[in-house]
Amino acid sequence: MGLALIASLGGFLFGYDTAVISGAVAAIDHNFVNPLGWSESWRGWLSGWTISCALLGCVIGAMIGGPLSTIFGRKGGLMIAAVLFFIGSLGSAWPEFGLGKIGEMGPAALTPFIWYRILGGVGVGLASMLAPLYIAEISPPDSRGGMVTLQQIAIVLGINIVYFVNYGIASLGNDAWVLETGWRWMLASEAIPALFLFLLLLLVPDSPRWYVLRGHKDRALAILRRLSDEVTAQETLKEIEATLVTPTRPLFSFGAMVLFVGIMLSVFQQFIGINAVLYYGPLMFKNAGFTTDVALLQTIVVGIALVVFTLVALVTVDRWGRKPLLITGALIMAVAMFALGTLFYLHAVGLWALGAAVLYIAGFSLSWGPVVWVMLSEIFPNSIKGKAMAIAVAAQWIANLFVSSSFKWLDGNSALNNAFNHGFAYWIYGAMSVLAALFVIRFVPETKQRSLEAIQELWGRKVAA
């Protein structure tokens, strides 16, 4: 449990970085985008790109995560991620450093800001792949779902805590101070948990499967003995050796279906719109007619719902199974998104909008939030896990980039708003949720309480005797 908790700090930083930008959206527009004097459409595009540019780094981080985890280990990759988090947070807070006077470069500081955000995004991409992978590889089958769910709990805690941090920093001054200085402290605050992650990782071993991969069977067995009894440890070691006998096995050794399922789970996790809600939560509530401070408080309510319902998933994922949770959650999200879009369309928002948002977050948090990470850490056979998971997680970040950057354009488009009053995007996310449920019903197998080595039998290859 202790090893999993430390690794899940990577998820905490993942969530923290995801949501910290929400408090700086107005400041970025004020300081970097609006002074350019571009048209409404181009300003919307540039603002959306600036807010979501870290996702390009996430794609890069996810793609290099496989090779890095093989060369440096799961632990080493997470330590690299922590360093990138640290540099990216401070650099994006003061992008003018070394280039000009702080606060006086105007739009010229936008380019270094974007580069620092992308650098931090590489850290997010690494952590998003390596943290659940590490946790899955040190967890016994009967509790692995719950243990990997710690990753999602850490993500939502990071999101929730940064909402409080942003609100606390914003309360230190008026709106003008936040636009000038407060946003910098919001972004810089991420450096503190990044430093903690790096230091704590110095205290933990790597995963037993990586030690076997590198030929250190004695170290692997020592860790397995800490996690289970002697007989189970010896049996698990034999299974690991059998599935890693050809560590460079081609990507499609188990067919294309396993990769297709992993990629589509990742893509649907984003196409249902979760990060449009998390990145632009304050904007959504301001569109619903609330003031800035009330919008930030309602974002905190959304963050609390994230935590509470992810805890529900922690209890249910190893009891109910992965597939029932994914289907149930997708249908709940569909109802919530259709309702939210309709409320905006009918100009009947207010607290009803908050209720629909909380229902949506509840559906996501008990299903597609944690369970997709559990599935991605489980479904890929050991001999292709690094490459396959890197591709699936990279696909997730590409989908995230598309959704997050397109939302600002959809929500800020005058023609769409005249017709649908900010409701159009939410209807799209509702339709995607329905498609996600149908995909799970048709293509996704159940992996509850199977060993990582036994799961590869689902794809037509038996573990060697």
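Predicted model: local features only at pLDDT ≥ 70, side-chain atom pairs only at ≥ 80, totals over all residues.
1. Start with Val-83, which sits in helix α5.

2. Two helices, α5 (73-93) and α9 (191-201), each give the patch at least two residues. The largest share is from α5, with 4 residues.

3. Now have a look at helix α8, residues 175-188. With 14 residues at 1.5 Å a residue, α8 should span 20 Å, and its end C-alpha atoms are 19 Å apart, so the two values agree.

4. What happens at the start of α8? There, Asn-174 has a side-chain oxygen that comes to within 3.2 Å of the backbone nitrogen of Ala-176.

5. Which residues of α8 are buried? They are Val-178, Gly-182, Trp-183, Arg-184, Met-186, Leu-187 and Ala-188.

6. Last stop, Trp-427, which you'll find in helix α22 (residues 424-443). Its relative accessible area is 23%, so Trp-427 is partly exposed; buried would need under 20%. Follow the chain from Trp-427 to Ala-336 and you cover 91 residues in sequence, yet in space the two are 9.6 Å apart, C-alpha to C-alpha.

Methods:
Residues numbered from 1 in each chain as written. Heavy atoms only, no water. Expected span 1.5 Å × (residues − 1). Buried < 20%, exposed > 50% of the residue type's maximum accessible area, 1.4 Å probe, protein only. Polar contact = N/O pair within 3.5 Å; in protein donor to acceptor, adjacent residues only side chain to side chain.
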